[in-house]
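Hi there,

Here is the structure I promised to pass on to you. Have a look at it first, and then read my notes below.

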Amino acid sequence: MKKKFLKTSSALAMAMLGLMLLSAGCSGGGELQAGTTPVSCTQLTGMAIAAAAIGLPTTGAIVTDARSVPPGGTGVAATGEYCQVKGEINPVDPAAPKIKFQLDLPDAWNHKALMFGGGGYNGTVPDASGNVPAGPLDMPKPLARGYATFASDSGHQANQLGSRDGSFGQNDEALQNFAGDALKKTHDVALYLIKQYYAGALPQKSYFAGGSTGGREALAVAQRWPQDWDGVIVLYPAWAAASLDLQFGRITRAFAMPGAYLNLAKRKALYDAALQACDALDGVRDGLISNMQACNSSFDPATAMLNGAPLRCAGGADMGDNCLSDVQIAALKTYGTAISFNSPLGSGETQYPGFNVWGADLGLAGDSAAQKTVRLLAMGDSQPAQPMPTDTPYWATFWDQWVKYFVTRNPAFDSLSFDPQQPGAWQARVDQLTILQDVNKTDLSAFKARGGKILMAHGMSDALVSTRSSEDYFRRLQSTMGNATVDAFVRYYEIPGYGHSLSTVFNAAWDSLTALENWVERGSAPVAQIVSDTAGIPGRTRPLCEFPAWPKYMGAGDVNLAASFSCATQ
């Protein structure tokens, strides 16, 4: 049990404490010195954090609630007593939403901090007591390991669309917060409160973990505030966020064409045909496509076979659930190819790559909660249309919201009429947004010089953020900084069968946090990393191969064990 703050009747002592709380520097820490009597959990309620304590413009912050949470859970799920803190960071623009945050402060603190990233358009506060993306089920979560953990909603509160709600984009400050500013503001407030609670002590190490938008946020903090972070865990990062939105628009318009949308049966036909053609390219038929580059090079739905019959419908017309029409094949090939821009965008991007469509779960049938989520994050349950249905593909809703609230700021605008490759009068606005949203700086020298480390991974079958985009980012790092330099502080892995944040084929579980700790704190670089499956075949393992390598079956041994595979490039 943490020693509680000893109340004193000394007016002078209380005045001195108040002065120290208000005089914090912009690093996010207060002026309390190590060894100072800590503030109790309940006494955090109502605590004000001055704007001067936050490194980007705000009008200060306040703790709205702080309460002690008793120990709970058993085994690896056991969590000791901790103080759960909730609060708000106030905007400069009175019309902008507040940033809402949560900070969990364990009594048995390990003197480290971990911030969680969000997802989609954010709008809700991630569970600070939760796990890192693709975290292991057989290890304690960060809070249970003793981390002070925190997260925010990135500066707006979502409506019924949840992480697909882009309506906040009509406000400039809210948009800037979402694009990255909320990360710094939340970090500084969290460190200020950590310092008050732990007798003036600051974290000895600080980490960030996120996937998708959270992956973009992880790269953003390494790029923009390298002095604040010692390591980041980056899963399936949507780093070129606005460029990805434009690709979403291209794909949405393709599947909105009459007859182009695939029902569940047609998606299964495509999936099965791709497995039949590509599964053995890694040396064994195991239900996973590991040699994705070879599959992308050789598989064509227009010429593929399914159980001995052509996948393409006879004559190209829609002939039922077991084949694909020409318009459906054309839409799928749009999904699988890059969008190219006539001239560089404001951020400098010239394209956004296509997706690994062949062999990906585009949203198959199934009523389990996991499969429903996979379907939501892929092709949904209805065709893109105007107005945009809420059960349409995630990327279609995302595009619709971006056009309506980020670009045109006209909720009545028809997003399907917006050509992402010919924005016309909206080109300047699109360029502005790419400058704001695309986190594409690949000189991370300041982060490396601090000793920062990056662990990045992406599922090969991601239908929402392109795996090839992560490959592109990693190659740019190497081009900018040199292969040997990048190897000293970055690892990038690709996971066969894993989709976007969740999969019923191969649901990844990887103890990335321990690997990051060992690298940052002990100088032990990751070797022979293993990823486990928790859904397709629970307990199945594969080696995590450093890109561009992939798991190749060695010709003998249990196909469900990582030891039966080597990391190969051909």
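Leaving aside its neighbours within four places in sequence, Val505 is in contact with Tyr271, Gly287, Leu288, Gly497, Asp533, Gly536, Ile537 and Arg540. Please keep in mind that this is a predicted model.

Where does Val505 sit? You will find Val505 in the loop between strand S14 (490-495) and strand S15 (508-509). Its relative accessible area is 16%, and because buried means under 20%, Val505 counts as buried.

Val505 and Gln529 are 24 residues apart in sequence, and their C-alpha atoms are 20 Å apart in space. Gln529 belongs to the loop between helix H15 (512-522) and strand S16 (530-533). Gln529 is buried, with a relative accessibility of 15%. Which side chain does the side chain of Gln529 make a polar contact with? The partner is the side chain of Trp510, at 2.8 Å.

Is Thr337 buried or partly exposed? Thr337 is partly exposed, because its relative accessible area of 35% lies between the limits of 20% and 50%. Its side chain makes a polar contact with the side chain of Arg250 (2.8 Å), and it also reaches the backbone oxygen of Lys333 at 2.8 Å. Beyond its neighbours within four places in sequence, Thr337 is in contact with Gln247, Arg250, Pro353 and Gly354. Between Thr337 and Phe355 there are 6.8 Å in space, C-alpha to C-alpha, and the two are 18 residues apart in sequence.

Now zoom out to the whole protein. Its secondary structure consists of 15 helices and 20 strands. The radius of gyration is 24 Å, close to the 25 Å that the globule rule gives for 570 residues, so the protein is as compact as a globular protein of that length. Along the principal axes, the C-alpha atoms fill a box of roughly 90 × 60 × 45 Å. Of the 570 residues, 59% count as buried. Among contacts with a separation of 6 or more, 68% are between residues 24 or more positions apart. The accessible surface is about 20700 Å², and carbon and sulfur atoms account for 55% of that. Finally, there are 43 positive and 49 negative charges, and their mean positions are 3 Å apart.

Enjoy exploring!

Notes. Residues numbered from 1 in each chain as written. Predicted model: local features only at pLDDT ≥ 70, side-chain atom pairs only at ≥ 80, totals over all residues. Heavy atoms only, no water. Helix = DSSP H or I, 4+ residues; strand = E, 2+ residues; numbered from the N terminus. Buried < 20%, exposed > 50% of the residue type's maximum accessible area, 1.4 Å probe, protein only. Contact = heavy atoms within 4.5 Å. Polar contact = N/O pair within 3.5 Å; in protein donor to acceptor, adjacent residues only side chain to side chain. Rg over C-alpha atoms; globule rule 2.2 N^0.38 Å. Areas by Shrake-Rupley, 256 points an atom, 1.4 Å probe, with all protein chains shown as cover. Lys, Arg positive; Asp, Glu negative; His and termini not counted. Charge placed at Lys NZ, Arg CZ, Asp CG, Glu CD.
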